[in-house]
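Please look through the structure below, and then follow the paragraphs that lead from the meeting of two chains to the details inside each of them.

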Amino acid sequence: MSIPEVKEKWSARVSEVTIGATPAQGGTRARTVTIGGAGGIPFLSFDGALPHPPAIAIDVLDKQPVGWPKPLEEVYGDVWADPVQWARRAKELGADLINLRLTGIHPDEGDWPPSKAVEIVKAVLEAVDLPLIVWGCDFPEKDQRVMPKVAEAAQGERCLLGAVSQTEYRTLTAAAQAYGHTLIAASPCDINIAKQVNILVTDMGFPLSDIVIYPSTAALGYGMEYIYSILERGRLAALSGDKLMAQPVILDVGFEAWRVKEARADEEMADAWGPLAYRGPAWEAVTATDLLQGGADLLIMRHPEAIRAVREAVGQLMQGDGK
Amino acid sequence: MALTGLEIYKHLPKTNCKDCGFPTCLAFAMKMAAKQVSLDKCPHVTPEAKAALESAARPPIQLVTIGADAQELKIGNETQLYRHEEKFYRPTLLAVRVWDTLEPTALSARLEAIAGLTFERVGTKVGVELVAVDNASGDAARFESLARQAVEVTGRPAVLMSAKADNLQRAARALSGKRPLLYISDPQQALAAAAVAKAENCPLAVRAESLEALAELTSKIAATGLEQIVIDPGARGLKGTLEALTRIRRAALKNFRPLGYPAIAFTTAATPLLQVVEASTYVAKYAAIVVTDLIERWQLLPVLATRQDIFTDPQKPVAVQPKLYTVGEVGAESPVLVTTNFSLTYYSVEGEVEASRVPAYILSVDTEGTSVLTAWASDKFNASTITKALKASGIEERVAHRKLILPGLVAVLSAGVEDESGWLVQIGPKEASGISSYLKNQWKN
Ligand code: SF4
């Protein structure tokens, strides 16, 4: 018995963004990472090809993190006082990109001067040849002073800089444009705001094709479904030709997954929920793979077991796809 | 798919005899389309028209019942491809598998473990609903005896899985009245199994090698009068299963009857963590039942959390009752924490307070089920709503002090709250995860 054709007739694709630049392109990265390009609902070959597997960036902080749970301490504890060593560890663990967070510049977290941030970014770029994502500290006045310097110091490397928002976008957009970087456009789980940020940024002359959408992230069990549905709605809009929603998506999976009780509570919950050593990575892995079904292109992650599981799952899901 | 008034009208006698109490057949049809009157109010409708209308009114995905009485579980009747368009109605059932080839001690241990697979998460009890009994031995007697034992020990309805219709009959009879789901793995035996399912009044799951073969098979079974069907597309592994589940859902919602049944999926990955990923993916993507070998608590918890998330009604904020809650043996000197009535926020706070072992009051302010930042941004969590909740809660009669702990994310509210309420504000951590150590180490009355 023949069954009905169920392929949807999409009229557009998710756009592609390339992060990083090789020496031939004016940078010093060993290779670049291209994300996006989806032509259908995630991982359905019959619906539309997915040319690039979702990429994974591993989190590196500029200084020793506070309150990271034991499973992460076991992996990074010996290197996390030094961002350069930490970035090397991230590469060893198979990162596609390094995700560097400038936390120490925050007035409450050290209030480091721009020069120190620049020094760290340069050192990481020198030590590790992967494409780089750099986030400010989310304290606008400080980020406005630091991020232009960071953008300048990394000129030519085509980093992904984060993040512009509806209220704070001018300085970072201008800096990304001046020094040839790509941009993360953040919105709080709201499609209209996501579009609005894209409009504001492109009104300044920044190309839509260099934007990655960050629709915020929520952990499994803690409102993940809101993000899941925002991703689905965004992807449906992109595939139906909405150019302001056609940008690839970055999700901050590791940060969100590792702050919830299921990924932190240790001995006290071991009987009810099983050992944290397995439960934590599982929480991160499933947060990632669930959200990938909604439609995401770049995941920031932390634990190597979770990363391995996501890679394997993606490998299976992309059989017959990709390059 | 719901019928329109005009589609119903076509099947009515069109005599406008008014016996139904409506002035015209068309008026009756319109009322029926609006589900305000049922077809039996028209005494003149022909049996053929009745059959046609009933079959057309069947939902695109058949509603199937597994288990009986207090243990009755329903799957199917889904209407959407994407949860935001309405919602997903019937949470995926999880079935943990046991094999009749296991040694008696391993078997008992496994059944005991399945019996204990319930969890408390954010104030809700969640767990595994089904035990899947696999006739791996091919032996009828062993299968029958495990079926009895599995249902008794786990206290859950069974999925009885065999390649042989005869074996299914024997086990189904042993569980007579309990309405297990019969699963026939050999497509050649599917029709024989359908006869068993009909006779024993059980739903039947069938497998085929392709969707085309499956559609053919369900059509044959439906023709025998059995409509309580569950379908296994036969694909295994993440990619094949995801694609098959999606094709089935899409075809069913296009009203393609032969695939208009709830689907069953199996996890088969080589490592436990990948099976967890597999199960979660199938839960998110249209499986009505997931059969898995996973049994450890850390493995099932993320799958259950995925299910809670994906099957949440997207239109409705999930809220707890806004009121004063207590954790532990509170007294006049116990701390008072203020939070919203968004259930995830509230239960995160409650969980952390419990973990701290510091008895405390939690005041849940009515923020219409929104989280701290959202409620603050929309002005539902401000000095006056907090003060109002505080005064109305009766907390002032219960504690001797006047100090409240405000979420760190809304530290900006503290001056306003102090002015309006006369309470002293202490700034708590920004994240719930910091509450336990805050109460243990930092908080001082
Ligand atoms: S009773 Fe039946 S035939 Fe008569 S008016 Fe009503 S719908 Fe028409």
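Between chain A and chain B there are five salt bridges, a salt bridge being a side-chain nitrogen of Lys or Arg within 4 Å of a carboxyl oxygen of Asp or Glu. In one salt bridge, the side chain of Asp47(A) meets that of Arg250(B), with 2.7 Å from N to O. This is a predicted model, in which local features need pLDDT of at least 70 and side-chain atom pairs count only at pLDDT 80 or more, while totals for chains, interfaces and linings use all residues. Residues are numbered from 1 along each chain as its sequence is written, chains are lettered from A and ligands numbered from 1 in the order in which they are written, and side-chain values use heavy atoms, with hydrogens and water left out.

Polar contacts can be counted across the interface of chain A and chain B as well, and the rule finds 17 residue pairs, both residues being at pLDDT 80 or more. A polar contact is a pair of N or O atoms within 3.5 Å, where within protein one must be able to donate a hydrogen and the other to accept it, and where residues adjacent in sequence count only if both atoms are side-chain atoms. On the side of chain A that touches chain B, α7 (224-239), α9 (267-273), α10 (276-294) and α11 (304-317) of chain A each supply at least two residues. It is α10(A) that gives the most to this side, with nine residues. Helices (H or I, at least four residues) and strands (E, at least two) are DSSP runs, numbered from the N terminus.

If contact is taken as heavy atoms within 4.5 Å, then 54 residues of chain A are in contact with 48 residues of chain B. The two chains, A and B, bury about 4,700 Å² between them, and 64% of this lies on carbon and sulfur atoms; buried area is the accessible area (1.4 Å probe) that two parts lose on being put together, summed over both. Of the area that chain A buries against chain B, 15% is supplied by Met1(A), Ile3(A) and Glu225(A), which is more than any other three residues supply.

Asp59(A) and Arg302(A) are linked with Arg101(A) and Asp252(A) in a network of salt bridges.

In chain B, Arg148(B) forms a salt bridge with Glu144(B), and the closest N and O atoms are 2.9 Å apart. These two residues are separated by about one helical turn, because they are four residues apart in helix α5 of chain B. Arg148(B) is partly exposed, as its relative accessible area is 43%, whereas Glu144(B), at 16%, is buried. Leaving out residues up to four places away in sequence, Glu144(B) touches Arg170(B), Ala171(B) and Ala174(B).

Arg179(B), although it is not a glycine, has a positive phi of about 50 degrees, and its place is in the loop between α6 (165-174) and β8 (181-184) of chain B. Tyr286(B) is not a glycine either, yet has a positive phi of about 85 degrees, and this residue is in the loop between α10 (272-284) and β12 (289-292) of chain B. Tyr286(B) counts as buried because its relative accessibility is 8%.

Conventions: Buried < 20%, exposed > 50% of the residue type's maximum accessible area, 1.4 Å probe, protein only.
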